[in-house]
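Hi,

Here is the structure I promised to pass on to you. Please have a look at it first, and then read my notes below.

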Amino acid sequence: EDGIADCVLSNGVINLAPDKDQVFREALRALRPGGRLQVSDIVWTSPAPDAIKDDMEQWAGCIAGALLESDYIAKIEQVGFERVTSIAAEYPAGKGLASANVVAYKPMR
């Protein structure tokens, strides 16, 4: 149903979704006005190497499907969320791979 959830949580799976825009649209649809999206996911702080993007094992390992942090945030904002914040901590020797904690809110209107 529309607008029934106070909070939508996701832990490390959106990077596996082929249509991340649809995931964020569905989260927004399910939230009540003022509801919160809380996500922990893998992101890149610099562009992923092409060799990683084309490697199916890297897809299965949640790495190849990860977006740049700025692109991830932009997608959330584009579907209509507001007050989007992200804190990303790069993995040791991650070479641009990071864990991000993202919070966003559905507008009250």
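A quick definition before we start: a residue is called buried when its relative accessible area is under 20%. Please also keep in mind that this is a predicted model.

S10 is found in strand 1, which covers residues 5-11. Leaving aside residues up to four places away in sequence, S10 touches Q38, V39 and S40.

What does V39 touch, not counting residues up to four places away in sequence? The list is S10, I14, Y72, A100, N101 and V102. There is also a C-alpha distance for V39: 5.9 Å separates V39 from N11, although the two are 28 residues apart along the chain.

Now for the overall picture. The secondary structure comes to four helices and four strands, and along the sequence these follow the pattern β-α-β-α-α-α-β-β. The radius of gyration is 14 Å, close to the 13 Å that the globule rule gives for 109 residues, so the protein is as compact as a globular protein of that length. Taken along the principal axes, the box filled by the C-alpha atoms is roughly 45 × 25 × 20 Å. Of the 109 residues, 39% count as buried. If you look at contacts with a separation of 6 or more, 68% of them are between residues 24 or more positions apart.

For the surface, the accessible area comes to about 6200 Å², and carbon and sulfur atoms account for 55% of that. On charges, there are 11 positive and 16 negative side chains, and the centres of the two sets lie 6 Å apart.

That brings me to the pairing of charges. Side chains of opposite charge can pair when their charged atoms come close. How many salt bridges does the structure hold? There are five, and I will go through some of them here.

D6 and R32 form a salt bridge in which the closest N and O atoms are 2.5 Å apart. D6 lies in strand 1 and R32 in strand 2 (residues 31-44), so this pair ties together parts that are 26 residues apart in sequence. R32 has a relative accessible area of 32% and is partly exposed.

E26 and R29 make another salt bridge, with 3.0 Å between the closest N and O atoms. Both belong to helix 1 (residues 20-30), where their spacing of three residues puts them about one helical turn apart. An α-helix has 3.6 residues a turn, so residues three or four places apart point the same way. E26 is partly exposed at a relative accessible area of 34%, and R29 also counts as partly exposed, at 32%.

A further salt bridge brings together the side chains of E82 and R109, at 4.0 Å from N to O. E82 lies in strand 3 (residues 82-90), while R109 is in the segment after strand 4 (97-105), so the pair ties together parts that are 27 residues apart in sequence. The accessibility of the two partners is as follows: E82 is partly exposed, with a relative accessible area of 28%, and R109 counts as exposed, at 78%. Elsewhere, salt bridges that share partners join D2, E26 and R29 into one network.

Back to helix 1 for a moment, this time for its buried side. Which residues of helix 1 are buried? They are K20, F24, A27, L28 and A30. The cover over these buried residues includes strand 1, strand 2 and helix 4 (69-78).

With a relative accessible area of 45%, E90 is partly exposed. Not counting residues up to four places away in sequence, E90 touches T45, K95, G96, L97 and A98. Of these, T45 is 45 residues from E90 in sequence, and their C-alpha atoms are 7.7 Å apart in space.

Best wishes

Technical notes. Residues are numbered from 1 along each chain as its sequence is written. This is a predicted model: local features need pLDDT of at least 70, side-chain atom pairs count only at pLDDT 80 or more; totals for chains, interfaces and linings use all residues. Side-chain values use heavy atoms; hydrogens and water are left out. Helices (H or I, at least four residues) and strands (E, at least two) are DSSP runs, numbered from the N terminus. Contact means heavy atoms within 4.5 Å. Buried means under 20% relative accessible area, exposed over 50%, partly exposed in between (1.4 Å probe, protein chains only). The radius of gyration is taken over C-alpha atoms; the globule rule is 2.2 Å times the number of residues to the power 0.38. Accessible areas come from the Shrake-Rupley method with a 1.4 Å probe; for residues, only the protein chains shown count as cover. Lys and Arg count as positive and Asp and Glu as negative; His and the chain ends are not counted. The place of a charge is taken as NZ of Lys, CZ of Arg, CG of Asp or CD of Glu.
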